[in-house]
Amino acid sequence: MSYMLPHLHNGWQVDQAILSEEDRVVVIRFGHDWDPTCMKMDEVLYSIAEKEQAHHDRPGDRQQQQD
């Protein structure tokens, strides 16, 4: 089981994850924890999460996105 990323168990949780984020990129990986390909994807997503967060939080980026 992937413990690095949150698990969404139904459609309502998926909707809430998307709707509750106004300022961040939301990436949802559909799959199973027993699938090695899905687990590899989780590792990749987790490894870039902090880099993406820092990239989107830089001053000036928000202004450029609004223009």
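This is a predicted model: local features need pLDDT of at least 70, side-chain atom pairs count only at pLDDT 80 or more; totals for chains, interfaces and linings use all residues.
Of the 67 residues of the chain, 10% count as buried.

**The largest pocket**
- The largest pocket holds about 1000 Å³ of space.
- Its lining is made of 30 residues, and those closest to the pocket's centre are L5, P6, V26, V27 and I28.
- Two helices, α1 (residues 11-19) and α2 (residues 36-56), each give at least two residues to the lining of this pocket.
- Which helix supplies the largest share of the lining? That is α2, with seven residues.

**V26 and the surface patch**
- To find V26 in the structure, look in the loop between α1 and α2.
- V26 is also one of the residues closest to the centre of the largest pocket.
- Together with I18 and L19, V26 makes a nonpolar surface patch of about 260 Å².
- Is V26 buried, partly exposed or exposed? V26 counts as partly exposed because its relative accessibility is 32%, and the partly exposed class lies between the buried limit of under 20% and the exposed limit of over 50%.

Definitions and conventions: Residues are numbered from 1 along each chain as its sequence is written. Side-chain values use heavy atoms; hydrogens and water are left out. On a 1 Å grid over the protein atoms alone, a cavity is a set of points where a 1.4 Å probe fits but cannot get out, and a pocket is an open set with protein on both sides within 12 Å along at least five of seven lines; lining residues have an atom within 4 Å of a point. Grid points are joined across faces, edges and corners, and a volume is the space filled by probe spheres set on the points. Helices (H or I, at least four residues) and strands (E, at least two) are DSSP runs, numbered from the N terminus. Patches are made of residues with over 30% relative accessible area and no salt bridge: like charges are joined within 9 Å, nonpolar side chains (Val, Leu, Ile, Met, Phe, Trp, Tyr) within 5 Å. Accessible areas come from the Shrake-Rupley method with a 1.4 Å probe; for residues, only the protein chains shown count as cover. A salt bridge is a side-chain nitrogen of Lys or Arg within 4 Å of a carboxyl oxygen of Asp or Glu. Buried means under 20% relative accessible area, exposed over 50%, partly exposed in between (1.4 Å probe, protein chains only).
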